[in-house]
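Subject: Structure handover

Hello,

Here is the structure we talked about. My notes follow below it.

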Amino acid sequence: MKTIVREPVQPIATEEPPQRRRQLGPRPMTSSRFKPMTNGLRVDGLHKSFGDIAALRGVDLEVPRGRLVGFLGPNGAGKTTTMRGILGLVALDAGAVTWDGRTMSEEDRRHIGYMPQERGLYLGMKVHEHIAYIGRLAGLDRETADRRANDWADRVGLAERGNDLIQELSTGNQQRVQLAVALVHEPKLMILDEPFAGLDPVAVSMLSDVMAEQVEKGASVVFSSHQLDLVQDLAEHVTIVAGGETQATGTVADLRSRSVNRRLEIQWAGPVPAWSPPDGEAQDAPPGVSRFVVPAASDAAALIAQASAAGPLTAVSYEPPDLAEVFLELVRS
Amino acid sequence: MVREVAEREIRTRSRTKAFRVITGILVAAAIIGPIVSALWPDSGHDLRRVTVGLVHADETTQQQILTFAEGNLDLTFQDYTGVPPAEVDRALTDGDIDVVLDTGPTLVWDRETDFEIAGVIYTALQQQEVLVRGRVLGLGEGDIAQLLTPLQVEERFADELHESYGVVEGVAFLGLMLALNIPILFGQLTMMSVVEEKSTRVIEVLLGHIRPRTLLLGKVLGLAALGAAQLVVVVGGLTAAMLLTSALDIPASVWRFVPIIVVSILGGLAVYNTLFALLGSLVSRQEDVSQVIVPVFIPILGGFLAANAALVGNAESALAKALTLFPLTSPMMLPVRVARDAIAPWEIALSLGLLALGVLLLIRVAGRVYEFTLLHTGSRVGWSQALRLSRGAALD
């Protein structure tokens, strides 16, 4: 019988964010969530309202150099507003955005590679031309911009489409151009808003590789996505926002281990017996398998023993929920 | 960076089918016009065709009229003898005939006296009457001939360029048409470019690398340069075709105000490109453009109409002088008043100075509004809000 048990360290419910008084104007850099950090991006206590709607009510985010961070949240949580606030596209009501320990400047922003959620491309420009143009706006000389445009067009799989108009490309290929535009000037910080939306598996793989390469080169990369299985595979660290506030931040393993629930899955050798663990909630399962959600404080060994007594088993797994379930727990709470 | 933006605008706009088609049509018209004119060499010297309806006139009278019309009018007669008056009047109002010569003698017109035709017919009839009266008075044919010999009146012109005035007027009108159409065409291209950047959200990527005012300046200058290039191509083609076919002998007097036309058109391009860019920043979608574009046509069309009136009428009226100094209308009025030689040098300097100042001020105001409205999406920004933004208010 195969048994998989992934034990939590200690069950901790959602970490309550500290109460903050709303302030107008930028605040001094403080942190009750993060240790002081002097490299990479740090976002502290962002507030932004649009009329009566409070889009951001205290968002914190940290993306050190050489780290890939998933920035997650339900629709309307404030992810895009946070990103636009970092880029200076939105005037923030309160909070601080710092880079390498100092307030982010206009010069710092020129070194950001940004992929907006909606395609931000000149449809009437040619692929190579567009990539090179952004490179020159970012400060590259003509020769370097042309060379990098060629390199990146090749890297994203559009080498043969360099002379085609962007409007002639499919949505997925336009997304690739968008990525090349974000990378042509070798940014130190990448902000990607829903970069995987609309991509086929090949393109997803390409984009994932590119992001990993940038991280290896020491760039800070933060991306948002609703594809949590992808985030779980790609990002070691995530920050979850909901209702305009940061709800949780940490490694994926850490967040999973902090869940108040555990998943118990039993594969039976014979017919499924009428057994369920105490305080457990049955889940849908394929034939011959039982799935339950049990409290994290449960005694795993006792549960397995009880199940064995109910009927012959071929496999048991006991582990924290995946990132998607953790996300739902936090958001619903 | 202004240069990068300007180059992008020039490259992408000049590549569009619409731009190439329009430029092709203009160049073709500029070249074909003089060629057609050369193929019909008399077309520039045709006399005015006039048809006189005759209710009652004898051969002698007709011959007399034809004699005086020779070299002035291409005159023919139509016989309306015995035709009911209502039908004759209808022929006049329908334009079949230009005037009716009835018994009396009486000249019947449609609405008003045409003095060019009247002068020829009056002179012919007067000559004939003198001949008849002379004979009645018993004068000999020689005496009558002496009486009828016309007085030779010498003419002299104070303006030594008078012979070329028709050409000057023509060139001034051409300049006026270009000063009207080129800013409208390229102004709308500028506006479309701004709205495109907002609607495709590419502006969010651009603003990470470039300031809004730099973007605005590059756009305005790039499309102004493209407009100037189109102007050079069209006018160059026209001039070459004209000189090649000798369809027109361009007098030296024309060249004295051609630089003014060029500077005025370029100034008009700068002013209206900036204005259209400002308007484009107030909306987020191409469909909303019509809500904001109407006001800009008031000064440009008003300026054109006033300049056209000054070209054929009084170029020194108070209105003409005022519009020469207003930056939104001076690109059209200034060349006309220079062509008419109805403007002092200090007025020219003042007009150009105010135009330059107007461009700078407009870029400053537009830049301030642009900064705030560029990222605004959704409903359009109203004019009063735009004015508040130009004074530094926040968009919310």
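Which residue in the turn of the hairpin formed by strand 5 and strand 6 of chain A has a positive phi? It is Asp100(A), with a phi of about 50°. Two conventions before the rest. This is a predicted model, in which local features need pLDDT of at least 70, side-chain atom pairs count only at pLDDT 80 or more, and totals for chains, interfaces and linings use all residues. Residues are numbered from 1 along each chain as its sequence is written, chains are lettered from A and ligands numbered from 1 in the order in which they are written, and side-chain values use heavy atoms, with hydrogens and water left out.

The hairpin and its strand

Helices (H or I, at least four residues) and strands (E, at least two) are DSSP runs, numbered from the N terminus. The hairpin leaves 2 residues between strand 5 and strand 6 of chain A. These strands pair in the antiparallel sense over 2 bridges; pairing requires that DSSP finds at least two bridges. Trp99(A) stands opposite Arg102(A) in strand 6 of chain A.

Strand 2 (residues 41–50) of chain A also runs antiparallel to strand 5, joined by 5 bridges. There, His47(A) faces Ala94(A) of strand 5.

Strand 5 (residues 94–99) of chain A has 6 of its 6 residues buried, so it is largely enclosed by the rest of the structure. Buried means under 20% relative accessible area (1.4 Å probe, protein chains only). Both faces are covered. One side carries Ala94(A), Ala96(A) and Thr98(A); the other carries Gly95(A), Val97(A) and Trp99(A).

The interface

Contact (heavy atoms within 4.5 Å) links 30 residues of chain A with 24 residues of chain B. The two chains bury about 2400 Å² between them, 53% of it on carbon and sulfur atoms. That area is the accessible area (1.4 Å probe) lost on putting the two parts together, summed over both. In chain A, Leu89(A), Tyr122(A) and Leu137(A) lose the most area to chain B, together 26% of what that side buries.

There are 8 salt bridges between chain A and chain B, each a side-chain nitrogen of Lys or Arg within 4 Å of a carboxyl oxygen of Asp or Glu. One of them joins Glu4(B) to Arg136(A), with the closest N and O atoms 2.6 Å apart. Helix 2 (106–109), strand 7 (112–115), helix 3 (127–137) and helix 5 (171–183) of chain A each supply at least two residues of the side that touches chain B. Helix 3 gives the most, with 6 residues.

Best wishes

Conventions. Buried means under 20% relative accessible area, exposed over 50%, partly exposed in between (1.4 Å probe, protein chains only).
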